[in-house]
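Please look over the model shown below before reading the report that follows.

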Amino acid sequence: MAKENVRITVFDTTLRDGEQSPGCSMNYQEKLRVAHQLDRLGVDVIEAGFPIASDGDFEAVKAIAVVIRRPIIAGLARACHTDIQRAWDALKDAARPRIHVFLATSDIHLKYKLRITREECLAQARESVAFAKSLCDDVEFSPEDATRTDPDFLCQVLEAVVEAGATTLNIPDTVGYTVPTEFGELIVTIRRRVKGIEKVTISAHCHNDLGMAVANTMAAISAGARQVECTINGIGERAGNASLEEIVMAMRVRYDRYPYETAVAAEHLFPASQLLSEITGVAVQPNKAITGRNAFAHEAGIHQDGVLKNPLTYEIMTPQSVGVPDSKLVLGKHSGRHALAIRCEQLGYQFDRRALDDIYRRFVRLADKIKHVEDHHLLELIRETHKPSTSATPLFEPLAVAAAAGVPAQESVRPFPMAPKANAFGLPLSISPEHHHDQEDYLWGV
Ligand code: KIV
Ligand code: ZN
């Protein structure tokens with residue numbers, strides 16, 4: 001009998017931590033559109049906002065809680081009654097509400113920011129989680145700046161909030177300071193020392209100040225974390241949060257090292273990335289892993305030659321597996337409405353007849369001037385044609401893109417190393433034999 005695969009909960013905080021980053025704020029309508037896309041993507045938890053922060057945030061969290069019924073909807077609160085009550089008021093109509101309470105625990109935050117002692121911090125954490133629990137069954141607690149907190153004190157606080165009813169313990173690397181081995185060891189320490197830890201889920205929340213947010217998150221999973229907090233395109237405070245698409249695809253492509261499952265429908269990753277970039281106006285870095293414009297582009301002659309002979313030479317996953325449109329469909333002045341509509345759908349947009357005619361007229365004018373209309377031209381054109389301010393109801397909606405196009409299986413030898421039996425933290429890598437069939441969707445015929 002095959003072993004049960006280990007499931008990782010994907011907690012998306014694009015609408016909360018992501019939205020806090022410069023240039024990424026979103027209004028009510030925009031937040032709802034992103035929430036629908038996150039639902040299609042299959043994330044388990046949507047952190048919809050920080051209800052005490054503004055009336056706008058409160059209303060957006062409330063609306064998302066009412067409209068989006070499948071995933072858990074979380075709202076953030078500082079460790080005090082007013083915040084927690086406000087979060088609950090926004091969340092209480094959700095099918096599956098979660099209150100997320102945070103309180104800094106590092107000495108530097110206690111001394112300079114909160115001006116409280118460790119004892120006061122411990123009491124406040126315990127008391128606020130107990131209050132959140134009196135309102136909502138599902139309570140997450142985050143000791144802010146955990147990675148710069150004295151581990152003994154961190155474990156003491158975590159134990160107290162487990163006793164008070166927390167169901168998820170999130171470990172934030174708030175300032176992006178930790179490194180993978182150290183973060184993995186911290187998770188192991190927490191698992192060994194916190195009483196009652198087996199009843200709760202450990203979560204990782206990493207910032208990217210040293211460019212290690214995804215690596216740190218993966219180390220946490222290997223060490224026993226079972227929830228990851230991340231954002232689309234890695235948007236977030238300062239250098240951003242761990243990127244959702246990179247974490248998910250690392251597990252899919254390197255299942256030999258990360259034998260874990262998520263419920264994410266990977267073919268929706270690229271449309272989600274495009275939608276967010278379109279809404280915020282913040283472009284995706286061209287060389288961004290998974291969703292950047294160049295992530296599947298081959299320019300060098302030697303690479304092109306190799307990829308044409310066998311894509312396995314330079315590609316470890318197919319563009320289609322993450323929803324990147326088939327680049328063989330070149331759009332120029334001879335292209336018709338049908339090809340244009342298909343490419344728009346691949347980019348995450350579906351138009352009615354009238355809207356498509358409108359886009360098509362502009363497209364032909366542009367194609368007359370430039371030879372090939374690339375995806376970024378087309379996205380620009382869509383943005384210009386349907387500026388939200390000029391149209392009361394948006395004419396376009398992100399589309400649930402069809403399942404990734406089937407990639408013909410090729411006869412080939414697995415070019416990757418054999419999977420080890422245990423990871424660096426001594427946890428067994430239990431890979432079920434069935435999984436390799438699913439893996440084939442992500443690799444070129446491996
Ligand atoms: O980075 C952080 O510490 C946070 C917490 C509020 C979870 O975003
Ligand atoms: Zn954060």
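Of the 446 residues in the protein, 44% are buried, where buried means that 20 or more other C-beta atoms, placed from the backbone, lie within 10 Å of the residue's own. This is a predicted model, in which local features need pLDDT of at least 70 and side-chain atom pairs count only at pLDDT 80 or more, while totals for chains, interfaces and linings use all residues. Residues are numbered from 1 along each chain as its sequence is written, and chains are lettered from A and ligands numbered from 1 in the order in which they are written.

The protein holds 16 helices and 12 strands, which are DSSP runs (H or I of at least four residues for helices, E of at least two for strands) numbered from the N terminus.

Two packed helices are described by the angle between their axes and the distance between the axes. Helix 4 and helix 6 pack with their axes 10 Å apart and at an angle of about 25°, the axes being lines fitted to C-alpha atoms over the stretch in contact, with angles running from 0 to 180 degrees between N-to-C directions. The two helices are therefore roughly parallel to each other, a term for angles under 35 degrees.

| Helix | Residues in the contact |
|---|---|
| Helix 4 (residues 81-91) | H81, I84 and W88 |
| Helix 6 (residues 118-135) | S128, F131, A132 and L135 |

Around ligand 1 lie D17, F102, S142, E144, N170, P172, T174, H205 and H207, each with its C-beta atom, placed from the backbone, within 6 Å of the ligand. Strand 6 (139-144) and strand 7 (168-173) each supply at least two residues of this shell.

Notes: Buried ≥ 20, exposed ≤ 12 C-beta atoms within 10 Å, placed from the backbone. Parallel < 35°, antiparallel > 145°, perpendicular 65-115°, else oblique. Contact = placed C-beta atoms within 7 Å.
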